Amino acid sequence: MCLGVPGKIVEIYEANGLSMGKIDFGGVTREACLSYVPEATIGDYTIIHVGFALHLISEQEAQETLDLLRQIAETSGEDPLAEVSSS
Amino acid sequence: MKHLSEYRDSELVQGVLAEIRRTVTRAWVLMEICGGQTHSIMRYGIDQLLPPEVELVHGPGCPVCVTSLELVDKALAIASLPGVIFTSYGDMLRVPGTGRDLFSVRAAGGDVRVVYSPLDALKIAQQNPEKEVVFFAIGFETTAPANAMSVLQARALGIKNYSALVSHVCVPPAMHAILSSPQNRVQAFLAAGHVCSVMGYWEYPPIAEKYRVPVIVTGFEPLDLAQGILMAVRQLERGTYEVENAYARVVTREGNLPAQGVIQQVFTTCDRKWRGIGMIPASGWCLRPEFAEFNAEERFSVRQIQPEESPLCIAGQVLQGIKKPGDCPVFGTQCTPERPLGATMVSSEGACAAYYRYVLIETGQ
């Protein structure tokens, strides 16, 4: 329930007063409510919980986190002996 | 999916795990709040890859597990009424009530339907105006925006035959309850990333401060979990207790303000009984009085039966991080996902179900 399924917004429209959209989950497309992400535009990535988009995935933050973790991983890899002795 | 492969990149995860091994000098107990995180941890075997000093205990963040037995029994009674279509998230159907579950109500002729979203339940109500459609509105802060919206929509569209059996629970009061228990072992929290995407993490600094525990907002992919654990271990080692965000691509400090607005509009705080844990003051949300017409508890008067738990089940202690599924004498024998004694063995977010699926079945241990 809390896990959510990531997908890409491919269509945005209105139905019964709600902002709705078509979300592409890697080939399978389903409808979701976009009322909680009014800033969403077509092409944005989001995570769907029980039929609702609750947040967009920030490209920039995703990349910055990856860069930081790559740095950490590379630093750890430089001294394999330290790893062995501490584990 | 964009970035998904990177966040599952095993080399990168190994690198972060190596940094955890380099950082840790003594034993620490961390709790991941969310059952979705528990399943990720077991699925990818992250607990097995951690140094022995770092122990993960599993939190109460499994909605179907903590929905009180009284409410499950009430759901079973309402679902059994003639003229009712009872709708629920699929996880709830196998959750044991007193002596039976929603599947057995369906087998006995009850109209019990699984819905993916509360808006689907609303559609069923529109398509069946002669029936009463009841939705079992369970969950933490992550399902609250959806469940609240269904009530607002029912009112906006004039759908009179829709009501919700509300069983909402909130994470911060549960953290208080766990940390103030004399049996508490938790020294740091991995906060549930998607709960925080709705609520933000402004509620956590007072908890971190009061109990001196680091709180790390953490995601669900292996790399997210490794990063969350690393940040928690770093804080524990240096003796700090701050709130940090390891899931910044999704979570902001203030959270989703439109969603919080709708939650506030529809729900109000109430005391809530948690299955296996007991009453936690101000730990839930229920419908505001102005939405009473959509409250299934008021619409249907059902006979209250004496709820009865299996005396063998230790789910309550598992949900508080005091025991692990393997400590249970009936785990995998008298209690299995097919014949569960407690709700933690049922759900895709239950800790016992995660151990059964990823430890017992896949490794044969």
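This is a predicted model: local features need pLDDT of at least 70, side-chain atom pairs count only at pLDDT 80 or more; totals for chains, interfaces and linings use all residues.
Chain B contains 16 helices and 11 strands. Its radius of gyration is 21 Å, close to the 21 Å that the globule rule gives for 365 residues, so chain B is as compact as a globular protein of that length. Along the principal axes, the C-alpha atoms of chain B fill a box of roughly 65 × 45 × 40 Å. Of the 365 residues in chain B, 56% are buried. Among contacts in chain B with a separation of 6 or more, 77% join residues 24 or more positions apart.

Within chain B, an open sheet is formed by 5 strands in the order 2-1-7-8-9, with parallel pairing. Its edges are strand 2 (54-61) and strand 9 (243-245) of chain B, each of which pairs on one side only. On average, and with direction ignored, neighbouring strands of this sheet are turned by 25 degrees against each other.

The largest nonpolar core comprises 145 residues. Those with the most contacts inside this core are Val16(B), Ala75(B), Leu165(B), Phe189(B), Ala191(B) and Ile229(B). Helix 12 of chain B gives the most to the core, with 9 residues. For Leu165(B), the contacts beyond four places in sequence include Leu71(B), Ala75(B), Ile78(B), Val134(B) and Phe136(B). Lys74(B) and Glu297(B) are also among the contacts of Leu165(B).

The contact between the two chains takes 48 residues from chain B and 37 residues from chain A. On the side of chain B that touches chain A, the elements giving two or more residues are helix 1 (10-23), helix 7 (118-127), helix 8 (144-156), helix 10 (193-199), helix 12 (222-238) and helix 13 (257-266) of chain B. The largest share of that side, 7 residues, comes from helix 1 of chain B. By residue class, this side divides into 27 nonpolar, 13 polar and 8 charged.

In chain A, Gly4(A) lies in the segment before strand 1 (5-15). Gly4(A) counts as buried because 22 C-beta neighbours fall inside 10 Å, and the cut-off is 20 or more. Beyond four places in sequence, Gly4(A) touches Ile47(A), Ile48(A) and His49(A), as well as His194(B) of the other chain. The C-alpha atoms of Gly4(A) and His49(A) are 4.7 Å apart in space, although the two residues are 45 residues apart in sequence.

Two further residues of chain A have positive phi values without being glycine. Val50(A), with phi of about 35 degrees, is placed in the loop between strand 4 (45-49) and strand 5 (52-56) of chain A. Asn16(A), with phi near 50 degrees, is found in the loop between strand 1 and strand 2 (18-25) of chain A.

Definitions and conventions
Residues are numbered from 1 along each chain as its sequence is written. Chains are lettered from A and ligands numbered from 1 in the order in which they are written. Helices (H or I, at least four residues) and strands (E, at least two) are DSSP runs, numbered from the N terminus. A residue is buried if 20 or more other C-beta atoms lie within 10 Å of its own, exposed if 12 or fewer, and partly exposed in between; C-beta atoms are placed from the backbone. Two residues are in contact if their C-beta atoms, placed from the backbone, lie within 7 Å. Ala, Val, Leu, Ile, Met, Phe, Trp, Tyr, Cys and Pro count as nonpolar, Asp, Glu, Lys and Arg as charged, and the others, Gly among them, as polar. A nonpolar core is a set of buried Ala, Val, Leu, Ile, Met, Phe, Trp, Tyr and Cys residues joined through C-beta atoms within 7 Å. Two strands pair if DSSP finds at least two bridges between them. Axes are lines fitted to C-alpha atoms, for helices over the stretch in contact, and angles run from 0 to 180 degrees between N-to-C directions. The radius of gyration is taken over C-alpha atoms; the globule rule is 2.2 Å times the number of residues to the power 0.38.
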